[in-house]
Amino acid sequence: MRPDTPQSLAEAFSGWDGSPANAREMQKQMAGQVVLEDDFGPLRLIAGVDVGFEEAGKITRAAVVLLDADTLEPVAQTVARVPTCMPYIPGLLSFRELPAVLQAFDSLGQVPDLIFSDGHGIAHPRGLGIAAHLGVITGLPTIGVAKKILTGQHEALGEQRGDQVELFDKAGHVIGTVLRSKDKVRPLIISPGNRVSLETAPQLVMRYVTRYRLPEPTRLADRLASRRDEKRAGSQRSMDLE
């Protein structure tokens, strides 16, 4: 990570007393640190991050995949497994998942030029979804790629690949983009996390969408976090033994 990246979980969550109320106040404060302007150089390495759970939620499993930004070939990947620190509370996902995510990035050993995070950036009730939280505490450019809306309203969306409409909060401010990444499939909710503008975020997502609904960085991270390949291989082995 960058030199100014927090070196420990204690630093990353400094000031949090463990309560949901305090976490919400921290979100409001950190939301003011989000940079909604394009502030990144040439993209050489891009990362996808996603989180799953094991042992009925007792273990948080964070996966990070690093890709070559031009070829989309995987360069490295890592998984961090840590005890889950808090129950699921709507709007506080980052406090539940970031301890594992930060550990995964620390073990990656390389710094990406841009991170695509499963989840929301500023399209969040307090403007700080997991992608924005990750961007603020690492200082890195981040984009949130979510599968459903957490907050906001939008107009009707076309059915073709690349169709998009703005997502608005209750005050009428644009907080993201509803993007059809593939013909006639459920749209993605795209919002900047840090150092990426509202206009550029969906462009970058579409740049890395191949033939799947998800952009390649988060698609590969999702496979690793969910252990989908392992489960498929295990199922195949079971069939072979029958």
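This report walks through a few strands, a helix and a charged surface patch.

The model is predicted, so to speak of local features a pLDDT of at least 70 is needed, side-chain atom pairs count only at pLDDT 80 or more, and totals for chains, interfaces and linings use all residues. Residues are numbered from 1 along each chain as its sequence is written, and side-chain values use heavy atoms, with hydrogens and water left out.

Let's start with the strands (DSSP E runs of at least two residues; helices are H or I runs of at least four).

| Pair | Direction | Bridges |
|---|---|---|
| β6 (residues 164–168) and β7 | antiparallel | five |
| β7 and β8 | antiparallel | three |

V178 of β7 faces V165, and its bridge partner in β8 is I189. Five residues separate β6 and β7 in their hairpin, where G172 in the turn has a positive phi of about 90°.

Next comes helix α4 (residues 130–138): nine of its nine residues are buried, so it too is largely enclosed by the rest of the structure. Among them are H133, L134 and G135. After α4 comes G139, with a positive phi near 80°.

What gathers on the surface in a patch of negative charge? The residues are E37, D38, E155, E166 and E199. Such a patch takes residues with over 30% relative accessible area and no salt bridge (a Lys or Arg side-chain nitrogen within 4 Å of an Asp or Glu carboxyl oxygen), with like charges joined within 9 Å. E199 sits in the loop between β8 (188–194) and α5 (200–207), and its 55% relative accessibility makes it exposed (over 50%).

Methods: Patch = residues over 30% accessible without salt bridge, like charges linked within 9 Å, V, L, I, M, F, W, Y side chains within 5 Å. Areas by Shrake-Rupley, 256 points an atom, 1.4 Å probe, with all protein chains shown as cover. Lys, Arg positive; Asp, Glu negative; His and termini not counted. Charge placed at Lys NZ, Arg CZ, Asp CG, Glu CD. Buried < 20%, exposed > 50% of the residue type's maximum accessible area, 1.4 Å probe, protein only. Pairing = 2+ DSSP bridges.
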